[in-house]
Amino acid sequence: MGVEIRENPVTDDDFEEMKQFVHDYLTASVEGEEDGGRMRWYPWHSAEYRFNHILNVVSIATHIAEKEGANADVVRVAALFHDIAKLEVDQDVHADAGARITREYLRSHCEYPISFVDEVCDSIKNHSYQGPLTDLPLEARCLIESDLLDKVGANGMTLILLRMGYEARTHTDAPEMINRIVERGENVVERIVSDTAESIAHQRLKRVRWFREWLISEIAQLEPNDSEAIE
């Protein structure tokens, strides 16, 4: 019998160990910082929020990869590590830093093919790319699309409403804040290229628009008229 070639080299146990490593790395990135550190003046810039965002991206990216015919193992590992350096370096270099950390981890754990490691790290390096997604390999596209999609929909609305509370805004500001998610979603639709991502984006945008209209309707009923304000 010949030697079996594993097309999907990452086992479930491997992936669970990676998840623990990423979680611990993010937590260590903010330990000992009395003021919360860079980019953490809002609660969702904590290690826990960042890790939750990463897991969301893993889920979306894996789904897109499977539907679009990408290498799902490359995509899900890249998604898991894509923001690992987010809390310890500046935004404009976190992708390169994350790729370096990922390469060190993958080269020192199991015997992953060099080509696999290269694809994962290249996807991470490219996940902040601002040009046309058609310029990139399919796996990098899946990662970028999922990263964009996590900021749209119910998750995006929740974060923007949390921001309202942090900034001591009133309920009357809610439609304006939700409209930012609508605009973000519209920008995402213009940028993504896969049919799977486009379907997800339109579904999420539909829900956000519905919620915005609901808010506008209810807030209008709550606002006092001129005579009530005088009394």
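Helices (H or I, at least four residues) and strands (E, at least two) are taken as DSSP runs, numbered from the N terminus. On this basis the elements of the protein run α-α-α-α-α-α-α-α-α-α from the N terminus on. The count is 10 helices and zero strands. The model is predicted: local features need pLDDT of at least 70, side-chain atom pairs count only at pLDDT 80 or more, and totals for chains, interfaces and linings use all residues. Residues are numbered from 1 along each chain as its sequence is written, and side-chain values use heavy atoms, with hydrogens and water left out.

Of the 231 residues of the protein, 44% count as buried. The accessible surface comes to about 12,800 Å². Carbon and sulfur atoms hold 49% of that surface. Areas come from the Shrake-Rupley method with a 1.4 Å probe; for residues, only the protein chains shown count as cover. Contact means heavy atoms within 4.5 Å. Among contacts in the protein with a separation of 6 or more, 70% come from residues 24 or more positions apart.

Helix H3 (residues 72–81) is largely enclosed by the rest of the structure, because nine of its 10 residues are buried. The buried residues of H3 are Asp73, Val74, Val75, Arg76, Val77, Ala78, Ala79, Leu80 and Phe81. Their cover includes helix H1 (12–30), H2, helix H4 (94–108), helix H5 (114–126) and helix H6 (138–149).

Ala61 lies in helix H2. Its relative accessible area is 0%, so Ala61 is buried. Leaving aside neighbours within four places in sequence, Ala61 is in contact with Val75, Ala79, Cys142 and Ser146. Ala61 and Val75 are 14 residues apart along the chain, and their C-alpha atoms are separated by 6.5 Å. Cys142 is also buried, at 1% relative accessibility.

Ala99 is found in helix H4. With a relative accessible area of 3%, Ala99 is buried. Not counting residues up to four places away in sequence, Ala99 touches Cys121, Ile124 and Lys125. Cys121 is buried, with a relative accessible area of 1%. The C-alpha atoms of Ala99 and Asp83, 16 residues apart along the chain, lie 9.4 Å from each other. The structure holds zero disulfides, a disulfide being a pair of cysteine sulfur atoms within 2.5 Å.

Two packed helices are described by the angle between their axes and the distance between the axes. Axes are lines fitted to C-alpha atoms, for helices over the stretch in contact, and angles run from 0 to 180 degrees between N-to-C directions. Helix H2 (residues 47–68) and helix H9 (residues 195–222) pack at about 135 degrees, with axes 8 Å apart. That angle makes H2 oblique to H9. Angles under 35 degrees count as roughly parallel, over 145 as roughly antiparallel, 65 to 115 as roughly perpendicular and the rest as oblique. From H2, the contact is made by Ile60, His63, Ile64, Lys67 and Glu68. From H9, Asp195, Thr196, Ala197, Ile200 and Arg204 take part. By class, the contact has four nonpolar, two polar and four charged residues. Here Ala, Val, Leu, Ile, Met, Phe, Trp, Tyr, Cys and Pro count as nonpolar, Asp, Glu, Lys and Arg as charged, and the others, Gly among them, as polar.

Pro132 sits in the loop between H5 and H6. This residue is partly exposed, with a relative accessible area of 48%. Pro132 and Val193 are 61 residues apart in sequence and 9.1 Å apart in space, C-alpha to C-alpha.

Technical notes
Buried < 20%, exposed > 50% of the residue type's maximum accessible area, 1.4 Å probe, protein only.
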